Amino acid sequence: MFKEIFDNVREKKPLIHSITNYVTINDCANIVLACGASPIMAESPDESAQITSLCDGLNLNMGMPTAQKTEAMLLSARAASRKNIPTVLDPVGVGASSMRKNTAKLLIDGFDMAVIKGNSSEIKTLALGINGNRGVDADFDGGEDVTALAKSFAKRTKSVVVVTGAADTVTDGERVYLIRNGCEMMSRITGSGCMLSRLICAFVSANPDNVLVSTAAAVCAMGLAGETAFERMNDKDGNASFRNYLIDAVFNMDGDTLEKGAKYEIK
Amino acid sequence: MFKEIFDNVREKKPLIHSITNYVTINDCANIVLACGASPIMAESPDESAQITSLCDGLNLNMGMPTAQKTEAMLLSARAASRKNIPTVLDPVGVGASSMRKNTAKLLIDGFDMAVIKGNSSEIKTLALGINGNRGVDADFDGGEDVTALAKSFAKRTKSVVVVTGAADTVTDGERVYLIRNGCEMMSRITGSGCMLSRLICAFVSANPDNVLVSTAAAVCAMGLAGETAFERMNDKDGNASFRNYLIDAVFNMDGDTLEKGAKYEIK
Amino acid sequence: MFKEIFDNVREKKPLIHSITNYVTINDCANIVLACGASPIMAESPDESAQITSLCDGLNLNMGMPTAQKTEAMLLSARAASRKNIPTVLDPVGVGASSMRKNTAKLLIDGFDMAVIKGNSSEIKTLALGINGNRGVDADFDGGEDVTALAKSFAKRTKSVVVVTGAADTVTDGERVYLIRNGCEMMSRITGSGCMLSRLICAFVSANPDNVLVSTAAAVCAMGLAGETAFERMNDKDGNASFRNYLIDAVFNMDGDTLEKGAKYEIK
């Protein structure tokens, strides 16, 4: 099944509109190209909705927000909704400021999010309205609690919810994929999370009728790329080389490799 | 001839002011350094004209436009015109929104562009006012038609026009360079086009009396770097490594390598 | 001593808030992670002070200024001052525009800067109010003059002042570290200076009671990483690979390597 999903990405080459932070914007564009999709960025309220209406999917990444980008996100979310293409929300550091919390609330309450992906702190902030995560890193490692929280949040929002961590949880509120791909090195670069949400957006946009499984496939693909990249490291390599190897690994992955390398259980 | 042009870049080290998108901004700065020139970025209307007036060339890249950047581009284009330094326009995704079309029109109608570089869709949009390109990729592969269109557009704008594609066309409206350097892999990274326009700007700024030939030399240099980078790839490398190899190849290129490796005919 | 300072960075993992240019923002985030600290970016006046108040250090980089970012810098500088965490100022290209000069003046006159780091042109502009540096590169190579200027500027601002160059000067107005790590290749990539100021911020934030020595340690660490990266280069490598090797070298450095490799004299 993951094979077909990945093959669809490479065949359909979905065009992905992202409104995103500038820290990881280049890596995110390159990973979209690596998986076979095509990236476009536009963040002015003067054009964002028009750009979205040309695209197959929309990725909203809340890192480094500005008032202008927030307005563009809302206009693009509406355009995506009208065109019935999937929107993937990455609420980067949502607990770190009122501004980010307000933006996330406007987006989630106002529009359908096909997928919401965060670490445990970010999802907790969104689901419980709780403050207190420290920047963009996770502070909460939850096992069963995370699964229950993700399921109820998915039911409420009618979104597929992804909670990243030592294991990753993907759920539509009913079924749960528990995914064990990936490696610790992925937390030593900036952008692992951003690249994952972009990959999810590409996978879901090429498989819009199968959001849950596409999302799980993208999470496995990203983790598997991390494993491949880590194996490739020599003793002089550090996080910069790892970053390159990670994108390279997605470039060289195909449906069969993904199918074989994916480590998950369905609950 | 290309040798002298490239040698001039390394010797004169022109300072290149760019107003550009954030996706490829780092790669573009590094390729400017790789070829021997020096990059500076400034995009606030409060300083852009002042910065331009310190520089040897101006590169305007229309990816990710904002109202503020558009205003800065217009102020800088005027400053470049007053100082009589070349402006190179890269109308990224110009067909994708009204905002981009309006900005391109203001720039081209209001100021002298030494060079306008785009893919066939972008040049078609500018030359014919036709809509319909899908994002930033080309949708039009034209052979003879492209050449005729580029020539008439070059005559009308008094600019050197570059149309990138399987083969690249460079013309001042009279002479035509048809260039066959490059490789398909260049379309699998973000920024090949942006880096090319930055390289053109560096080459033209160091050779302002020879815009057509300098532009052709830069197009050959970029394509040749692509070929060198592609040859260097091993079976684990993907688009991230290719991107690094591409910039490395420009860094290690010299006038002689360029002279020998350039593949073009003059029509 | 440098060993303890670096060990503290890896142990305390300080969270570093940066308001910065977009050219080098990704490299800067990755070098923060490479040294063991954690990066966060926020540049909207609507959230910047709130983000700063979660952090252990603030890094203000004046490349690519906008009116909005300037406002965010001032709000964050005040928040840092209130929380008593160190602010590190990198006045990129300060001589190139009135806007940058005004911003630097507002920051330095209004708030305590733990460290101010620039090349000789930038520090000369700040210390003497002199115009005329050409972009972001140094135009002034000063030996004894630089040391005297840096000392008097450090006394006046009560900051540790760093002047980068063939040798780097670090002073609190009394003691002077003259540092001879580094290599010429570092000037052939964009971001060496930006990454250095980020590294300084990480080191100082983990050692806030020892600003002078922490700053000197960070300058040595950056230069040593440059040497390691340069030694790793093969004949196909250029500035793109060097950039990766530089970040990798910080990733693989530890307190002992730094202690052994640091080349400095105290005056």
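Analyst: Contact here means that heavy atoms lie within 4.5 Å of each other. The model is predicted, so local features need pLDDT of at least 70 and side-chain atom pairs count only at pLDDT 80 or more, while totals for chains, interfaces and linings use all residues. Residues are numbered from 1 along each chain as its sequence is written, chains are lettered from A and ligands numbered from 1 in the order in which they are written, and side-chain values use heavy atoms, with hydrogens and water left out.

Of the interface residues of chain B, only 13% are also interface residues in chain C, so the copies meet through different surfaces.

Turning to the meeting of chain A and chain B, 30 residues of chain A are in contact with 33 residues of chain B. Together the two chains bury about 2600 Å², and 50% of this is on carbon and sulfur atoms; buried area is the accessible area (1.4 Å probe) that two parts lose on being put together, summed over both. Between these chains there are 18 residue pairs in polar contact, both residues being at pLDDT 80 or more. A polar contact is a pair of N or O atoms within 3.5 Å, where within protein one must be able to donate a hydrogen and the other to accept it, and residues adjacent in sequence count only if both atoms are side-chain atoms.

On the side of chain A that touches chain B, at least two residues each come from α2 (25–34), β2 (38–41), α3 (48–52) and α10 (239–252) of chain A, where helices (H or I, at least four residues) and strands (E, at least two) are DSSP runs numbered from the N terminus. The most is given by α2(A), with seven residues. Sorted by class, this side of chain A has 14 nonpolar, seven polar and nine charged residues; Ala, Val, Leu, Ile, Met, Phe, Trp, Tyr, Cys and Pro count as nonpolar, Asp, Glu, Lys and Arg as charged, and the others, Gly among them, as polar.

The count of salt bridges between chain A and chain B is two, a salt bridge being a side-chain nitrogen of Lys or Arg within 4 Å of a carboxyl oxygen of Asp or Glu. One of them is formed by B:Arg100 with A:Glu47, whose closest N and O atoms are 2.9 Å apart. B:Arg100 lies in helix α5 (residues 98–110) of chain B and A:Glu47 in the loop between β2 and α3 of chain A, so the pair joins two chains. Both B:Arg100 and A:Glu47 are buried, where buried means under 20% relative accessible area, exposed over 50%, and partly exposed in between (1.4 Å probe, protein chains only).

For chain B and chain C, the contact takes 30 residues from chain B and 32 residues from chain C. These chains bury about 2600 Å² between them, with 50% of it on carbon and sulfur atoms, and B:Glu47, B:Arg232 and B:Phe251 supply 19% of the area that chain B buries against chain C, more than any other three residues. Two salt bridges cross this interface; B:Arg232 forms a salt bridge with C:Asp237, the closest N and O atoms being 2.4 Å apart. There are also 18 residue pairs in polar contact between chain B and chain C, both residues at pLDDT 80 or more. Two or more residues of the side of chain B that touches chain C come from each of α2 (25–34), β2 (38–41), α3 (48–52) and α10 (239–252) of chain B, and the largest share, seven residues, comes from α2(B).
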